[in-house]
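Me: Got a model here I'd like to go through. Can you walk me through the sheet?
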Amino acid sequence: MDMVMKLGASSSVVIFTKSSCCISHTIETLIRSFGANPIVYELDTHPNGNQLEKALMELGCHPSVPAIFIGKELVGGANEIMSLNVRGKLKQLLIRANAIWV
């Protein structure tokens with residue numbers, strides 16, 4: 001779990017994905033559309049991917065991907081990101097995390 005938290009805090013936006021997950025790709029595209037440049041960890045190609053996935057599930061990520069950290073905090077998965085976007089709050093969260101500038 002410590003490794004996930006350390007990686008999650010390594011940048012203003014961090015996304016844990018799997019290369020075969022279309023929802024992960026959609027969330028990454030959405031975040032990039034605001035101008036953010038997230039660090040992306042694909043668990044199915046990462047050397048410690050199985051450990052990271054297990055830790056994400058222990059943190060409450062079900063399914064394990066996508067899991068998104070913004071501003072060094074675990075925001076959640078696709079549902080949370082889409083909800084923030086629909087409510088117009090995702091952009092503000094990205095600004096506060098210094099992931100984008102107006």
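Predicted model: local features only at pLDDT ≥ 70, side-chain atom pairs only at ≥ 80, totals over all residues.

Me: In which sense do E3 and E4 pair?
Reply: Antiparallel, over three bridges, with E3 covering residues 67-70. Strands pair if DSSP finds at least two bridges between them. Strands are DSSP runs of E, at least two residues; helices are runs of H or I, at least four; both are numbered from the N terminus.

Me: What's the strand order?
Reply: E2-E1-E3-E4, an open sheet of four strands with mixed pairing. The edges are E2 (39-42) and E4 (73-76), each pairing on one side only.

Me: And E1, how does it pair with E3 and E2?
Reply: With E3, antiparallel over four bridges. Val13 is opposite Ile70 there. With E2, parallel over four bridges. Phe16 faces Tyr41 in that strand. The chain gets from E1 to E2 through helix H2 (residues 22-33).

Me: How many E1 residues are buried?
Reply: Five of its five, residues 13-17. Buried means under 20% relative accessible area (1.4 Å probe, protein chains only).

Me: Which ones sit on which side?
Reply: Val13, Ile15 and Thr17 are on one side, Val14 and Phe16 on the other. In a regular strand, side chains alternate between the two sheet faces.

Methods:
Residues numbered from 1 in each chain as written. Heavy atoms only, no water. Buried < 20%, exposed > 50% of the residue type's maximum accessible area, 1.4 Å probe, protein only. Right-handed = clockwise from strand over helix to strand, strands pointing away.
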